[in-house]
There are 2 protein chains.
Amino acid sequence: MTYCVGLLLNEGMVCLSDTRTNAGLDNIATYRKMFHFEAPGERIISIMTAGSLSVTQTTIARLREAVEDADATPETSILLAPTLLKVASMIGNTLSEVRAEVNEKLSASQASASASMIVAGQRRGGAMRLFLIYPEGNFIEATEDTPFLQIGEHKYGKPILDRVVKMTTCIADAEKAVLLSMDSTLRSNLSVGMPLDLCVIEKDALKVSRQRRIEAGDAGFRAMSEAWSKALRDGFLQITL
Amino acid sequence: MTYCVGLLLNEGMVCLSDTRTNAGLDNIATYRKMFHFEAPGERIISIMTAGSLSVTQTTIARLREAVEDADATPETSILLAPTLLKVASMIGNTLSEVRAEVNEKLSASQASASASMIVAGQRRGGAMRLFLIYPEGNFIEATEDTPFLQIGEHKYGKPILDRVVKMTTCIADAEKAVLLSMDSTLRSNLSVGMPLDLCVIEKDALKVSRQRRIEAGDAGFRAMSEAWSKALRDGFLQITL
């Protein structure tokens, strides 16, 4: 399983992903699920992935190949495409193609593979945009009413986002919110696991402003997690029926 | 959808269920999902249901018929069965039979129906026991390590239970915990809805000690929900990264 969350705020975009993958319960591994496509000063596109690793790796690899191709055009490279809407559409098409190819291979054994993605991006002169790409290649976009998108194991971490995230939330609070959302998910679903990848894309920066990997033993994350547990227990004690 | 939760505590058992049912998104109704089978001073059995209404209603009706039958025996009536383990097994068998019958009817239209149940009970001279009955009729039991069981939409409401519920929790705190767990679920899943049914079975009372229906406009529930939101937001503000 996986948990990835992206936030679209007035000040910028915040993305957080876990790194645990599993093929059955007895085959656990760590893979990065956050990928950046960057032309600093021109365009930043960050992609987070959930689902079958064979689908997501191939999709990202094809997008990367197309970007690095010497003959890249606005039709083939997501770093040259005219709009972010077009970028989302190209990523969706690539995902859907790869998924179809993998499923053709799997059909003999009655298995199937699927994947979804979150795409956060901005091009020079354009607005920040945050998309959720479905396995079929269609997509939805975050808006003022719903400024966050989640893929993977989304339920445990949703209540905190529902309560505290708005487009006007500042980036520091947004980082806290996605980390607490991840903390609830880590506690309840073993197939979501550390380390975590966190990135911040400030408005009009047109590059990754800040990113860090949070390892399993991270003292700051543990302190935050314990403070949150304490806040919940204290809050619980104060409430009267 | 549905959300039901049962807690097994040293002091007693606490059960909470919602009442919303839906056949598609455009056909919403209110049905009680909590049922009591009581022989005061001898035995109390409370059942909560999730899943297809045609399965759960027929299962409860058959159990009720068997209890009320003039020729009821320990083999047929859950109020006469020798142990709570036997009761769980009888309920599981009835559920599984009904489900098989309904699915035979549905097979022509490629549909299927399923249901699960939580059973809380105590007989005179026995311990309190809390079971989760699966659609196939097999079951698991709450223990000291995991003193709560949930059916239906269980994810949103699990983090608070994980954090505050132990067998040593007092009944007042337990009521608060299940109501907050339901509150998180109501906020995040529209197909779980008010009114709610709450019941408390105190240890060795061998009857329903207390029950109430909490209607949509209930001032106490709303105040608790708002206090919890405030506690979460305040806790969130106090945490530093």
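Author: A charge sits over a ring if NZ of Lys or CZ of Arg is within 6 Å of the ring centre and within 35 degrees of the ring normal. The model here is predicted, so local features need pLDDT of at least 70, side-chain atom pairs count only at pLDDT 80 or more, and totals for chains, interfaces and linings use all residues. Side-chain values use heavy atoms, without hydrogens and water, residues are numbered from 1 along each chain as its sequence is written, and chains are lettered from A and ligands numbered from 1 in the order in which they are written.

Reader: Over the face of which residue does Lys176(A) lie?

Author: Lys176(A) lies over the face of Phe236(B), 4.5 Å from the ring centre. The charged end of Lys176(B) sits over the ring of Phe236(A), at 4.5 Å from its centre.

Reader: How many aromatic pairs does the structure hold over all chains?

Author: Rings of Phe, Tyr and Trp (its six-membered ring) pair if their centres lie within 6.5 Å; planes under 30 degrees apart count as stacked, over 60 as edge-to-face and the rest as tilted. The structure holds two such pairs over all chains. The planes of Phe131(A) and Phe139(A) stand at 85°, with centres 5.4 Å apart, so this pair is edge-to-face. Phe131(B) and Phe139(B) also form an edge-to-face pair, 5.5 Å centre to centre and with 85° between the planes.

Reader: Is Phe131(A) buried or exposed?

Author: Buried means under 20% relative accessible area, exposed over 50%, and partly exposed in between (1.4 Å probe, protein chains only). Phe131(A), at 0%, is buried, whereas Phe139(A), at 26%, is partly exposed.
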